[in-house]
Structures are given as C-alpha cells and as structure tokens.
Amino acid sequence: GTDCSGFTKALYAQFGIDLPRKSYTQGQNGVKVSREAARPGDLMVWNHKPGDDTGHVAIYIGGDQYIHEPQTGDVCKISSGINYFTCALRANR
C-alpha cells in the first residue's frame, strides 16, 4: 500500500499525467469543479492547508463512489459519499 496521494500520482502516471507528490499540491493542480459536476477520473479533494498532510485525495469513479488509499499501508478501496470532499478537480492534462 501507499498513501492517498501516492496512489493518485501512480495511477495518473499510467495515463501520462504527472501529478505532484503531496495531496495539497495535487489539489492545486487543475481546474476545480463542484462535487456535483465531478466526472469519472476526476480527483476528489478534501481541502487543507499548505504543508498540512492531513488532507485527502481520491479518484471519482461515478455514482457517488471513489477509489482511494484510506491511509498509509492500507489497501485500495472503493468508498461512497463524495460529500466528504471539498471539491472535484480536473487535473491538468
């Protein structure tokens, strides 16, 4: 397992998209849209402060569900309830 931002970075890299390593900087890299406007493949971002590693990032898969690494060392999971997140983000491609 990895942490949430390591997971999103590795997965996006498979599609030629280079994301920053930390969840905060991933949340600054792209076009923010509302949770309701999220499309499968968008990052879901829980807002937090610069340098604060308590934030969270996941990948929206549709139908109020997202895929993520809940915490370092955990296994990849599908969860539901995108209202947990502050916004969705379309990463710069």
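Mentor: A residue is called buried under 20% relative accessible area, exposed over 50% and partly exposed in between, with a 1.4 Å probe and protein chains only as cover. Helices (H or I, at least four residues) and strands (E, at least two) are DSSP runs, numbered from the N terminus. The model is predicted, with local features requiring pLDDT of at least 70 and side-chain atom pairs pLDDT 80 or more, whereas totals for chains, interfaces and linings use all residues. Residues are numbered from 1 along each chain as its sequence is written, and side-chain values use heavy atoms, without hydrogens and water.

Trainee: What makes β6 a mostly covered strand?
Mentor: Five of the five residues of β6 are buried. Cys87, Leu89 and Ala91 lie on one side, with Ala88 and Arg90 on the other, and both faces are covered.

Trainee: Why is leucine 89 called buried?
Mentor: Its relative accessible area is 0%, so leucine 89 is buried. This residue is found in strand β6.

Trainee: With which residues is leucine 89 in contact, leaving aside its neighbours within four places in sequence?
Mentor: Contact means heavy atoms within 4.5 Å. By that criterion, the partners of leucine 89 beyond those neighbours are Gln26, Gly27, Asn29, Gly30, Val31, Lys32, Asp42, Leu43 and Val45. The C-alpha atoms of leucine 89 and glutamine 26 are separated by 8.9 Å, although the two residues are 63 residues apart along the chain.

Trainee: How do you know that β1 and β6 pair?
Mentor: Two strands pair if DSSP finds at least two bridges between them. Strand β1 (residues 30–33) and β6 have four bridges, in the antiparallel sense, and valine 33 stands opposite alanine 88 in β6. β2 is also joined to β6, by three bridges and running antiparallel; here methionine 44 stands opposite alanine 88.

Trainee: What makes β3 largely enclosed by the rest of the structure?
Mentor: Six of the seven residues of β3 are buried, and the strand is therefore described as largely enclosed. β3 runs antiparallel to β2, with four bridges between them, and tryptophan 46 stands opposite histidine 56 in β3. Three bridges join β3 to β4, again antiparallel, with glycine 62 opposite glutamine 65 in β4.

Trainee: Which residue in the turn between β3 and β4 has a positive phi?
Mentor: The two strands form a hairpin with two residues between them, and glycine 63 in the turn has a positive phi of about 60°. Aspartate 64 lies in the loop between β3 and β4, and has a positive phi of about 65° although it is not a glycine. Most residues other than glycine have a negative phi.

Trainee: Why does aspartate 64 count as partly exposed?
Mentor: The relative accessibility of aspartate 64 is 35%, so this residue counts as partly exposed. Tyrosine 24, with a relative accessible area of 22%, is therefore partly exposed as well. Tyrosine 24 has its place in helix α2, and its C-alpha atom is separated by 8.5 Å from that of valine 57, 33 residues apart along the chain.

Trainee: Which residues of helix α1 are buried?
Mentor: In α1 (residues 4–13), they are Cys4, Ser5, Gly6, Phe7, Thr8 and Tyr12. These buried residues pack against α2 (23–26), β2 (43–46), β3 (56–62), β4 (65–68) and β6 (87–91).

Trainee: How many helices and strands does the chain contain?
Mentor: The chain has two helices and six strands, in the order α-α-β-β-β-β-β-β along the sequence. Of its 93 residues, 40% count as buried. Residues 24 or more positions apart account for 52% of the contacts with a separation of 6 or more.
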